[in-house]
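Biologist: Could you take me through this structure, beginning with the terms you rely on?

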Amino acid sequence: MASVVAGEEVRNKQVILKDYVSGFPKESDMQVINGTMKLKLQEGSHGIVVKNLYLSCDPYMRSRMTRVEGPNVFTSYTPGFPLTGFGVAKVLDSGHPNFKKGDLIWGTTSWEEYSLITELEGLFKIEHTDVPLSYYTGILVCSPKKGEYVFISAASGAVGQLVGQFAKLMGCYVVGSAGSKEKVDLLRNKFGFDEAFNYKEEIDLDGALKRYFPEGIDIYFENVGGKMLDAVLLNMKDHGRISVCGQVHNTIFLFSLKVFRI
């Protein structure tokens, strides 16, 4: 990264949404423009100025490219402004006590070279740099290890199918749930899952999980919440890990937790 001087005004390349999208997104729906930005915060600001290093392109972003009226899980992008999403950045100036100049952070930022971030609740300081920083845009989840047992709900979706394939590459035993025979066949025959089942055909989800994981689950990638999550919690191993990336009827969030028996 080229050195920059705090307070100077720099060229700021941005990726903006030209207008709301209908159908499959096209390159022409977006535009790269060159703006400018000062790298010094205004007096009294509690935000941070960052240099964006890595940006993540995620499936949910397509939903935000459509105009949505009324309450919804996602807030629509505003045409004429940069796209936003998860990314990794370096702090250049800070007015917030939790971040200082030089810190590396990950969380929601804008699709541009430099960003002023004033809503900091979803930002996290990167404490460990012994892995490539790009991993913080999505691949660094639950630290799967060879031989571990992994369960993924909504496994045939855009996120679930990738998680399953990553886990297989790490040498894990992987089982996914989906809502139709076609999706189950896709998981088994195309995406290389060890097993898959149709949750709609299972009267007893706890029993189904005990059938596929008689020794318990090491890692659960959570996409649905509800009765499935209730059943999974009964089948987690001690010190198992859960990455929560769903429950879309209530909220959207992504975090990891460990399971401890009391």
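Modeller: Helices (H or I, at least four residues) and strands (E, at least two) are DSSP runs, numbered from the N terminus. Two strands pair if DSSP finds at least two bridges between them. This is a predicted model, in which local features need pLDDT of at least 70, side-chain atom pairs count only at pLDDT 80 or more, and totals for chains, interfaces and linings use all residues. Residues are numbered from 1 along each chain as its sequence is written, and side-chain values use heavy atoms, with hydrogens and water left out.

Biologist: What is the order of the five strands in the open sheet?

Modeller: The order is E6-E3-E4-E5-E7, with antiparallel pairing. Strands E6 (114–117) and E7 (124–125) are the edges, each pairing on one side only.

Biologist: Over how many bridges do E5 and E7 pair?

Modeller: Strand E5 (residues 104–110) pairs with E7 over two bridges, in the antiparallel sense. Ile-105 stands opposite Lys-125 of E7.

Biologist: Changing topic, is Leu-169 buried or exposed?

Modeller: Leu-169 is exposed, because its relative accessible area is 70%; buried means under 20%, exposed over 50% and partly exposed in between (1.4 Å probe, protein chains only). This residue lies in helix H2 (residues 158–169).

Biologist: And where is Gly-207 found?

Modeller: Gly-207 is in helix H4 (residues 205–212). It counts as partly exposed, because its relative accessibility is 26%.

Biologist: How far apart in space are Gly-207 and Ala-231?

Modeller: Their C-alpha atoms are 8.6 Å apart, while 24 residues separate Gly-207 and Ala-231 in sequence.
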